[in-house]
Amino acid sequence: MLIIFSDFTSIPVLWLQIALAAIWVLFILLIASVVKRFGNDEPEIIRKIVHIGTGNVILLAWWLDIPPSVGIAASILASIITLLSYQFPILPGINSVGRQSLGTFFYSLSFGILVAWFWYLEQPQYAVLGILIMTWGDGLAALIGKRFGTHKYKVFGTEKSWEGSLTMMFVSYLISSLILFGTQGNSWQIWAVSLLVALIATALEAVSFLGIDNLTVPLSSAALAFFLSQLLQVPISS
């Protein structure tokens, strides 16, 4: 997929890949900083900008064929930084959302686990599926639930809204369907797999605590989509 960059012969391909991914992440952090400074100082909004924006780097990793070692190393570095940020003001406004949570750390960790798992299986689409469900599903569910969530329910003492949970389910189904359809073609199996993935992802997001859904949702979504595809014999493209 990186043939279009072959003219840049003076730049090693690997460093070009890393640079493009890094530029994207820095761009999202810049947007978050600008919004925080001039627009909205609400921590949850800033956090979701970073959450949704940086999560899409998995698409760059897929499209640019970034080696798994790079993704794993980036995940380890990000995990260390986020752990330190709970004690030091390294990522101000990102971790402080008015509740105790290790969500940012789990989010970074899930990247490395999924890249290590599915890049080596040469099935990166499942890693992308898991991360994007967490990125867009959880991110939009939180924003919609906060803004329009009037019908509340509680799970293990954590308050959720039906509006947010329905958003999570719809976005999860849409992402699963698009990725499986794009990589495997049209079949009844992909729609069934997508529905089951969406239901499980929504349930896991609903019962989360301390931000653990940032780990359970992407890992479970990717694993479920992969194993159900194998079980139902969905054609898998490499």
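This is a predicted model: local features need pLDDT of at least 70, side-chain atom pairs count only at pLDDT 80 or more; totals for chains, interfaces and linings use all residues.
## Aromatic pairs

A pair of aromatic rings is described by two values: the distance of the centres and the angle of the planes. The structure holds eleven such pairs. Take Trp117 and Phe118. Their ring centres are 4.5 Å apart and their planes meet at 15°, so this pair is stacked. The planes of a stacked pair must be under 30 degrees apart.

Trp117 belongs to helix α5 (residues 103-120) and Phe227 to helix α9 (residues 213-231), so the pair ties together parts that are 110 residues apart in sequence. Phe227 is partly exposed, with 48% relative accessibility. Ring pairs extend the group into a cluster made up of Trp117, Phe118, Tyr126, Phe226 and Phe227.

## Ser110 in helix α5

Helix α5 also carries Ser110. Is Ser110 buried or exposed? Ser110 is buried, with a relative accessible area of 0%; the cut-off for buried is under 20%.

Which residues does Ser110 contact, apart from neighbours within four places in sequence? They are Ile131, Asn214, Leu215, Pro218 and Leu219. With Asn214 there is a polar contact as well: the Ser110 side chain reaches the backbone oxygen of Asn214 at 3.5 Å.

Helix α4 (residues 68-85) has 18 residues. At 1.5 Å a residue, α4 should span 26 Å. The C-alpha atoms at its ends are 25 Å apart, which agrees. The buried residues of α4 are Pro68, Ser75, Ser79, Thr82 and Ser85. Viewed down the helix axis, these buried residues fall within an arc of 125°, so they line one face of α4. Helix α5 is among the elements that cover them.

Helix α9 passes the same kind of check. Its 19 residues should span 27 Å at 1.5 Å a residue, and its end C-alpha atoms are 25 Å apart, which agrees. After α9 comes Gln233, with a positive phi near 60°.

## The salt bridge

Side chains of opposite charge can pair when their charged atoms come close. How many salt bridges does a search of the whole structure find? The search finds one. It joins the side chains of Glu205 and Lys160, at 3.1 Å from N to O. The pair links distant parts of the chain: Glu205 sits in helix α8 (residues 188-206) and Lys160 in strand β2 (residues 158-161), 45 residues apart.

Both partners fall under the 20% cut-off for buried residues. Glu205 has a relative accessible area of 7%. For Lys160 the value is 15%.

## Glu163 and His151

Glu163 lies in helix α7 (residues 162-184). Its side chain makes a polar contact with the side chain of His151, at 2.5 Å.

What else does Glu163 touch, leaving out residues up to four places away in sequence? Besides His151, Glu163 touches Ile144, Phe148, Gly149 and Thr150.

## Positive phi in two loops

Two loop residues other than glycine have positive phi values. For Asp65, phi is near 55°. Asp65 is placed in the loop between α3 (57-63) and α4. Its relative accessible area is 44%, so Asp65 is partly exposed.

For Glu122, phi is near 60°. Glu122 is found in the loop between α5 and α6 (124-148). At 55% relative accessibility, Glu122 counts as exposed, because the cut-off for exposed is over 50%.

Methods. Residues are numbered from 1 along each chain as its sequence is written. Side-chain values use heavy atoms; hydrogens and water are left out. Rings of Phe, Tyr and Trp (its six-membered ring) pair if their centres lie within 6.5 Å; planes under 30 degrees apart count as stacked, over 60 as edge-to-face and the rest as tilted. Helices (H or I, at least four residues) and strands (E, at least two) are DSSP runs, numbered from the N terminus. Buried means under 20% relative accessible area, exposed over 50%, partly exposed in between (1.4 Å probe, protein chains only). The expected span of a helix is 1.5 Å times one less than its number of residues. The arc is that of the directions from the helix axis to the C-beta atoms. Contact means heavy atoms within 4.5 Å. A polar contact is a pair of N or O atoms within 3.5 Å; within protein, one must be able to donate a hydrogen and the other to accept it, and residues adjacent in sequence count only if both atoms are side-chain atoms. A salt bridge is a side-chain nitrogen of Lys or Arg within 4 Å of a carboxyl oxygen of Asp or Glu.
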